[in-house]
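Dear colleague,

Please find below the structure I am handing over to you, with its sequence. My notes on what was found in it follow directly after.

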Amino acid sequence: MQKIAPFTPPRPKSLGPLSALLRAAITRDGNLIGLLPKEVYRVSSGTIGYSRRSIIILNDPKVVRTILTDPTDIYPKNDLMVGAVAPLIGDSIFVSHADTWRKQRAMVAPAFTHMRLSAAFQSMTGALSDFEKQLERDAGSGTPFSLDMAMSHLTADVICRTVFSTTLKSQIAKDVFEAFSIFERSVAHVEIRRLIMDPPWNDIPQHEHVLEACAKIRDCLGQLLDSHLQPGANYKDIAADIIGARDDDDKPFTREELIDQLGVFFLAGHETSASVLTWCFYVLATQPDIVARVREEVEAIAGDAPLKLSHIRDLHFARAVFKETLRLYPPITFIPRVAAEATKIGKRKIKKGAMLMIAPWVIHRHHDYWDKPDEFDAERFMPEREKDIIDGSYMPFGLGPRVCVGANFATIEATLIIAQLARNFDFSMQPGQTVRPVARLTTRPAEQIILRAKRR
Ligand code: HEM
């Protein structure tokens, strides 16, 4: 079996609180992880002192579980995030609260059952095969490519095919994708300033061009939806499942509500997967031992045959690479909640309006829960070691009732993409690049990573 040398991938240098704040002010790249002082990776909780609102960071897995599974509805999602995404996804499953959310979750979850995932797998392989053709052309001509853009295209294509049975090549899907890029570039920048300066529940004025991008996306999603709503339409995809869903009073979603929900799949379903796959392929482009081990495994499980869903289950190492990348670069860097009323967590008094920062980025690198926390070691997630992971210290998909509805979908998608591309291509970094993670809408490299591919 291929031996793997220890390796520590990039992270922001940990500074003291003031220096961290100064660095964030100087770089002005909206990077929340750059703001975190070095102590935060060693304490069970603490306050972030330079904000007008009370911000409490909670690192203790037991406390985190209490908040994320609280049945009394006093910890809604963070108002800044809800305000930022509202023009795109309204009051849909990702942001809604209490009974509204419970009703939506019950209607949406069946679209992600095993049966639907088997059908989705065909769409995933279709998107991947088209992607490989493009990569082969780039490889043949020696053209370098942006890893970030490539992964965004691939995962957006997967979402278009699985949700709407259309490909990203269609003009309408291209329009959604472009407008989405504008939206995502702007939202995170608003946040740092507001987090520090604004009192809770302040209205968030969005820039005009962001609102235009949201309107454009919703219009395109509406057109894609209308093709499904035509009499006699016979689609077998996620959109069709959501259209067919009924609540307890046998009522379906309205057209506007459908656009909200389908917008979530675009927002939550492609950007997150693109983020983690960008980091996975950064690792694969720089760590030949890991690539060799993935190839060894793919050959042992599937030989030369095309990868099937039944193979994906057995690709333990490829999946462990995905999980370890999710640990070090969780796409959803922070899972913040707000205390809707004054309360107590343990002995700590919590003011009404306080922001409760649950940070996968921090908990996944916390010295109390992980051995050599900053080191990339995919073996942590191999079956014989995974059982030792401390309960609640790993939460890339969240925890409790609001855990990501697409977690299995994303795991199958990423394992397939890692295995298939590592099997068929060698990747290398264009020389002279500095890779620096930043927290935007998801955890991303500050500058795009440029790779070259070579067909094996
Ligand atoms: C690697 C990929 C992904 C990651 C890391 C991820 C992460 C997360 C996290 C952390 C949450 C919980 C947020 C919170 O509690 O505040 C969440 C919720 C959600 N995700 Fe994902 N996600 C991924 C892929 C997907 C995909 C592929 C879909 C759908 C196609 C999806 C749909 C959703 C939805 C609808 C919710 C809201 C669930 C609810 O509140 O009931 N996600 N995701």
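Strand E1 and strand E2 (residues 55–58) are joined by four bridges and run antiparallel. Helices (H or I, at least four residues) and strands (E, at least two) are DSSP runs numbered from the N terminus, and two strands pair if DSSP finds at least two bridges between them. Within this pair, Ile 48 has Ile 55 of E2 as its bridge partner.

Before going further, please note that this is a predicted model, in which local features need pLDDT of at least 70 and side-chain atom pairs count only at pLDDT 80 or more, while totals for chains, interfaces and linings use all residues. Residues are numbered from 1 along each chain as its sequence is written, and side-chain values use heavy atoms, with hydrogens and water left out.

The sheets

E1 and E2 belong to an open sheet of four strands with the order E1-E2-E7-E4 and mixed pairing. Its edge strands, each pairing on one side only, are E1 (45–48) and E4 (337–338). Helix H2 (residues 61–68) lies across E2, E4 and strand E7 (355–357), and runs at about 120° to E2. Here and below, axes are lines fitted to C-alpha atoms, for helices over the stretch in contact, and angles run from 0 to 180 degrees between N-to-C directions; contact means heavy atoms within 4.5 Å.

A further open sheet has three strands in the order E3-E11-E8, with antiparallel pairing. Strand E3 (145–146) and strand E8 (425–429) are the edge strands, as each pairs on one side only. Five bridges connect E8 with strand E11 (residues 450–455) in the antiparallel sense. Among the paired residues, Phe 427 has Ala 453 of E11 as its bridge partner, and Ser 428 is opposite Arg 452 in E11. E3 is joined to E11 by two bridges, again antiparallel, and Ser 146 stands opposite Ile 450 of E11.

The ligand site

Which residues are closest to the ligand? They are Lys 77, Trp 101, Arg 105, Arg 337 and Cys 404, out of 27 residues that surround the ligand; a residue counts as near if one of its heavy atoms lies within 4 Å. By class, this shell has 18 nonpolar, five polar and four charged residues. In this scheme Ala, Val, Leu, Ile, Met, Phe, Trp, Tyr, Cys and Pro are nonpolar, Asp, Glu, Lys and Arg are charged, and the others, Gly among them, are polar.

Helix H4 (98–108), H10 and H16 are the elements that give two or more residues to the shell, and H10 supplies its largest share, seven residues.

Helix packing

The axes of helix H3 (residues 79–89) and helix H10 (residues 255–286) come within 9 Å and cross at roughly 115°. In this contact, Val 85, Leu 88 and Ile 89 of H3 meet Asp 260, Gly 263, Val 264 and Leu 267 of H10. Five nonpolar, one polar and one charged residues make up the contact.

Helix H11 (residues 288–302) packs with helix H13 (residues 316–328) at an angle of about 140°, the axes being 8 Å apart. The H11 residues in contact are Ile 290, Arg 293, Val 294 and Glu 297, and those of H13 are His 316, Phe 317, Ala 318 and Val 321.

Yours sincerely
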